[in-house]
Amino acid sequence: MTITQLKYALAIAEHKNFTKAAEKCFVTQPTLSTQIQKLEDELDIIIFDRGKKPIEVTDVGRKIIFQARNIVNEADRIQDIVDQQKGFIGGEFRLGIIPTVMPTLLPMFLNNFIKKYPKVKLKIEELTTEEIITRINEGHLDAAIAATPLESDHIKERPLYYEPFVAYVPTNHRLRDKKTLEVSDLEIEDMLLLEDGHCFRDGVINLCKVFKGQEDEHFQLESGSIETLIKLSNEGMGMTLLPYLHTLDIKENLNPNLKHFAEPSPAREVSIIYHKSELKMQIIDAMHDVISGVIRGAIAFSNVEIISPLAK
């Protein structure tokens, strides 16, 4: 068997279609099919059930695919060793970023990173934490920026910064006159939330539950974006919580709506995460250094209490 055959098998397992897998691998469909047939003949097993639409991986095939992914990763490590020995920082790098971090952090570091490391070809996707974990484990992302800790056995985490939660309290709200908030002031009945699937939403729920012991069904109104939550709050629909970096772009006339928490401030930990196989570490290290450098001037909070992003 060959590394190429294993890469073809991984592509088919991902796309569940020989034609799409061939396009992904930049070969003709007959070439890919021939190589997979040779692999199955050599192993004397069937990896893919071609009678199903879409194609399914057989029971033994799933074990083969799992091992193939490990082998391909280890083969890729050889190039990593060579790149590190030469001090080369370049090549394709696939990065995932969660939606509540993408619009604030990306503009802060992207231009600096591209200028400093012009040989790195970044491919950036906005993805939920669940999607990120899946893609890292399947080898479709080299790294990601997400709220942590995630408690995943196969993923390593390197904190970048700690971002406090800031309350957005509209006019005529019961907490409007308070200069500094306590977490115990929060009432989940009038809290506007992001839609399910956002880890910041889960962090807000966890923050409220710790002190109130209340359940999710109290929440009435949810939205897909932080900007919409702010607009709904301005309409008197309730208060909401924002990540600190989002407050830096708030219009000046709305600044009175922002309320900080008493220390230790509830905060989320934002980290660069990657597979424990530690591929492309020279690029991960470079990105960590660039982001840590630019974020230092924006977030100076240290006395914080980390709120878990994991849904309880």
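A salt bridge here is a side-chain nitrogen of Lys or Arg within 4 Å of a carboxyl oxygen of Asp or Glu. With that in hand, select Asp 49, Lys 52 and Glu 56: these residues are linked in a network of salt bridges. The structure holds 14 salt bridges.

Before going on, some housekeeping. This is a predicted model, where local features need pLDDT of at least 70, side-chain atom pairs count only at pLDDT 80 or more, and totals for chains, interfaces and linings use all residues. Residues are numbered from 1 along each chain as its sequence is written, and side-chain values use heavy atoms, with hydrogens and water left out.

**Zoom out**

Switch to cartoon and you get 10 helices and 13 strands (DSSP runs numbered from the N terminus: H or I of at least four residues for helices, E of at least two for strands). The C-alpha trace spans about 75 × 45 × 30 Å along its principal axes. Of the 312 residues in the chain, 46% are buried (under 20% relative accessible area; exposed is over 50%, partly exposed in between, with a 1.4 Å probe and protein chains only). Taking contacts as heavy atoms within 4.5 Å, 76% of those with a separation of 6 or more join residues 24 or more positions apart.

**Stop one: helix 4**

Select Asp 59 and Arg 62, whose side chains meet in a salt bridge at 2.3 Å, N to O. They sit three residues apart in helix 4 (residues 59–86), so about one helical turn separates them. Asp 59 is exposed at 57% relative accessibility, while Arg 62 is partly exposed at 48%.

**Stop two: strand 4 to helix 6**

Next, pick Arg 135 and Glu 125, a salt bridge with 2.9 Å from N to O. Arg 135 belongs to helix 6 (residues 129–137) and Glu 125 to strand 4 (residues 120–126), so this pair ties together parts 10 residues apart in sequence. Arg 135 is partly exposed at 28% relative accessibility, and Glu 125 is partly exposed at 33%.

**Stop three: strand 6 to helix 10**

Which residue forms a salt bridge with Arg 158? Select Asp 285: the closest N and O atoms of this pair are 2.5 Å apart. Arg 158 is in strand 6 (residues 155–168) and Asp 285 in helix 10 (residues 281–295), so the bridge ties together parts 127 residues apart in sequence. Arg 158 is partly exposed at 24% relative accessibility; Asp 285 is also partly exposed, at 30%.
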